[in-house]
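Let us take a friendly walk through one protein chain. Have the sequence and the 3D view open as you read.

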Amino acid sequence: MRAVVQRVKKSSVTVDQQVTGAINKGLMVLIGVEDGDSEKDADYIADKITGLRIFEDEQGKMNLSVEDIGGEVLAVSQFTLLADARKGRRPSFTRAAAPDEANALYRKVIDKITSKGINVEEGVFQAEMMVEIHNDGPVTILLDSNKMF
């Protein structure tokens, strides 16, 4: 499972000209589920998202998590994070999980984050979405449950 985590001042996602999720200060997270991922991968990603110390403390050091600051999370499922573009010019998405499997594990990540008392807003699974991101810093962190990077 992969995630792109962005520290944001605000972020929103729109589907068919309707805002389906919007947050203020917090994290905008794109989540991609790989074929063969399990609940263990979902737990790893959720724990990393909630525990990443990428918000500044009183001394200006990145030392606080989204949980510490009372921030929010905007989560969007994105199978393209599993793209393999090493060969040729057209990415292959064969490593991405099937939609039913991907949605179930994506939901596990959301459930684990919300269980920690963090408000989670969302996009719409498999929909065409417009995502507005006001990246703060900018700070962008890549996560991979298989620790590939």
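The report below goes from the overall fold to salt bridges and then to some backbone details.

This is a predicted model, in which local features need pLDDT of at least 70 and side-chain atom pairs count only at pLDDT 80 or more, while totals for chains, interfaces and linings use all residues. Residues are numbered from 1 along each chain as its sequence is written, and side-chain values use heavy atoms, with hydrogens and water left out.

**The overall fold**

Start with the secondary structure: the chain has 3 helices and 8 strands. Helices (H or I, at least four residues) and strands (E, at least two) are DSSP runs, numbered from the N terminus.

How does the radius of gyration of the chain compare with that of a compact globule? For 149 residues such a globule would have a value near 15 Å, and the chain agrees, because its own value is 15 Å. This radius is taken over C-alpha atoms, and the globule rule is 2.2 Å times the number of residues to the power 0.38. Along the principal axes, the C-alpha atoms fill a box of roughly 45 × 35 × 30 Å.

Of the 149 residues, 42% are buried. Here buried means under 20% relative accessible area, exposed means over 50%, and partly exposed lies in between (1.4 Å probe, protein chains only). Among contacts (heavy atoms within 4.5 Å) with a separation of 6 or more, 73% are between residues 24 or more positions apart.

**Salt bridges**

The structure holds 10 salt bridges. The term stands for a side-chain nitrogen of Lys or Arg within 4 Å of a carboxyl oxygen of Asp or Glu.

| Pair | N to O distance |
|---|---|
| Lys9 and Asp136 | 3.7 Å |
| Lys112 and Asp43 | 3.9 Å |
| Glu122 and Arg107 | 2.7 Å |

In the salt bridge between Lys9 and Asp136, the partners come from distant parts of the chain: Lys9 is in strand β1 (residues 2-15) and Asp136 in strand β8 (residues 130-144), 127 residues apart. Lys9 counts as exposed, because its relative accessibility is 56%, whereas Asp136 counts as buried at 17%.

Next comes the salt bridge of Lys112 with Asp43. Lys112 belongs to helix α3 (residues 99-114) and Asp43 to helix α1 (residues 39-51), so this pair ties together parts 69 residues apart in sequence. Both are partly exposed, Lys112 at 24% and Asp43 at 28%.

Glu122 sits in strand β7 (residues 120-122) and Arg107 in helix α3, so parts 15 residues apart in sequence are tied together. Glu122 is buried at 19% relative accessibility, and Arg107 is partly exposed at 30%. Elsewhere, salt bridges with shared partners join Asp43, Asp47, Lys112 and Lys116 into one network.

**Backbone details**

Most residues other than glycine have a negative phi, and most peptide bonds are trans. Where does this chain have a cis peptide bond? The bond from Gly137 to Pro138 is cis, with omega near 0°, and Pro138 is placed in strand β8.

Gln17, although not a glycine, has a positive phi of about 65°. Gln17 counts as exposed, with 78% relative accessibility. Lys147 is not a glycine either, and has a positive phi of about 55°. Lys147 lies in the segment after β8 and is exposed, at 56% relative accessible area.
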